Amino acid sequence: MALQLLAQVEELSDWIGEPIESDADRKRAELCLRIASALVRTETGKKWDDANATIPDAAVMVTLYCASRVYENREAETQSGVDDW
């Protein structure tokens, strides 16, 4: 059973400044948030698996940052140059 996400799709949408409306984009956003949530849990050693658990703002912000990096850079490009455009 997957643990709850440490941030929500709507928060990710606000973070990146664009709507996440289609089913495909919503699924992709949820997967990005699952990846980021798992990374934050691994690094902190905390699970926050209780439905009533208070998730620290720092954990939410790091989750959103990591998820946005994956969501906006599907091809995992590390650099680009003028010739790429």
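Is the crossing of α2 and α3 left-handed or right-handed? The crossing of α2 and α3 is right-handed, meaning that the near helix is turned clockwise from the far one by less than a right angle. Before the rest, the basis: this is a predicted model, where local features need pLDDT of at least 70, side-chain atom pairs count only at pLDDT 80 or more, and totals for chains, interfaces and linings use all residues. Residues are numbered from 1 along each chain as its sequence is written, and side-chain values use heavy atoms, with hydrogens and water left out.

Helices here are DSSP runs of H or I, at least four residues, numbered from the N terminus. Helix α2 is residues 23-44 and helix α3 is residues 57-72; their axes are 8 Å apart, at an angle of about 130°. Axes are lines fitted to C-alpha atoms over the stretch in contact, and angles run from 0 to 180 degrees between N-to-C directions. The two helices are therefore oblique to each other, which covers whatever is not under 35 degrees (roughly parallel), over 145 (roughly antiparallel) or 65 to 115 (roughly perpendicular).

On the α3 side, the contact (heavy atoms within 4.5 Å) includes T63. T63 is buried, with a relative accessible area of 0%; buried means under 20%, with a 1.4 Å probe and protein chains only. Leaving out residues up to four places away in sequence, T63 touches L6, A7, L33, A36, S37 and V40.

Now α1, residues 9-16: its axis and that of α2 are 10 Å apart, at an angle of about 95°. That makes α1 roughly perpendicular to α2. V9, E10 and L12 of α1 meet R26, A29, E30 and L33 of α2.

Notes:
Buried < 20%, exposed > 50% of the residue type's maximum accessible area, 1.4 Å probe, protein only.
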